[in-house]
Amino acid sequence: MTVHDTTQQGRVERDALEMVEQACRLLDSQMEPLSLERLAAQLGCSPWQLHRRFRKHLGVSPRDWAAARREARFRGELRSGQGVADALYGAGYGSSSRVYEQAGERLGMTPASYARGGKGARIVWGSTDSPLGRLLVAATDKGICFVALGDKDEELEAQLCAEYPAADALMRDPVAVDVALDLLVEHLTGGEPHLDLPLDIRATAFQRRVWNELAAIPCGETRSYTELAASLGLPKAARAVGGACGANPVALILPCHRVLRGDGALGGYRWGVARKKALLRQEASEQGASSGRA
């Protein structure tokens, strides 16, 4: 590496750090939640770029940073003698129900920035070893668009190409998705129970409702397809819910492995029932260990 390269790299790092500091100031100044998309637009970058820089420099996502600051304000309001209701409003929750409505909103599911089959999309991807075999993550500049588990990179790349046959470009670039790869491997080893990654995925209105419900299932718990359908107010739509789970392009991030058949049987899983069983066993173990520590 030349002196020029080193100087340029240092300048890039300083710019990235300055962007993160500016983002923190913007988040701290907002009483109402500021979406990743709006925050990135104010900073003149893509949501995915901002998310990667935040994770690299602070170790948390913008959403987690804002939530922690809001919770700190809430505790401060309580310590100052405010009642719970006044403290909630003073901290920026808006209403008491907002404290309990965050689960399904943690994942930044933005409308896909490309047409069917990936037309118009430039997608980068990378892969790595994981406890469940090879792990592939693909992303547009807006967010994660595909996650896959398998035995060989060639098979996973073929699945990615089949998912996005009309993409303008599909390029292998592990550095571009390194944050997502690291977080997912940590998740699979029990080190990162809560995933908060921006997504760029196509979905029907029904699929989006189902996938939001998936995101709200706590780690270590499961639901049946019937229970998931009932939570949507559609008790007879269990089969359609199963179809939406099967179409989920970002399994692990949207945890469709936490949905079982009504009789408690595992049912199907896009990456194999053995992997589904392993995921559920690990999450149950983590939940048990967490309860023991409590």
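Colleague: Accessible areas come from the Shrake-Rupley method with a 1.4 Å probe, and for residues only the protein chains shown count as cover. What does the accessible surface of the protein come to?

Modeller: The accessible surface comes to about 14,700 Å², and 52% of it belongs to carbon and sulfur atoms. This is a predicted model, in which local features need pLDDT of at least 70 and side-chain atom pairs count only at pLDDT 80 or more, while totals for chains, interfaces and linings use all residues. Residues are numbered from 1 along each chain as its sequence is written, and side-chain values use heavy atoms, with hydrogens and water left out.

Colleague: What share of the residues is buried?

Modeller: Of the 294 residues in the protein, 43% are buried. Buried means under 20% relative accessible area, exposed means over 50%, and partly exposed lies in between (1.4 Å probe, protein chains only).

Colleague: How many helices and strands are there?

Modeller: The protein has 11 helices and 8 strands. These are DSSP runs numbered from the N terminus: helices are H or I with at least four residues, and strands are E with at least two.

Colleague: Where is Ser224, and what does Ser224 touch?

Modeller: Ser224 lies in strand E7, residues 223-224. Leaving aside residues up to four places away in sequence, Ser224 touches Val259, Leu260, Arg261 and Gly262. A contact means heavy atoms within 4.5 Å.

Colleague: Is Ser224 buried or exposed?

Modeller: Ser224 is buried, because its relative accessible area is 11%.

Colleague: Changing topic, how many disulfides are there?

Modeller: The search of the whole structure finds 0 disulfides, a disulfide being a pair of cysteine sulfur atoms within 2.5 Å.
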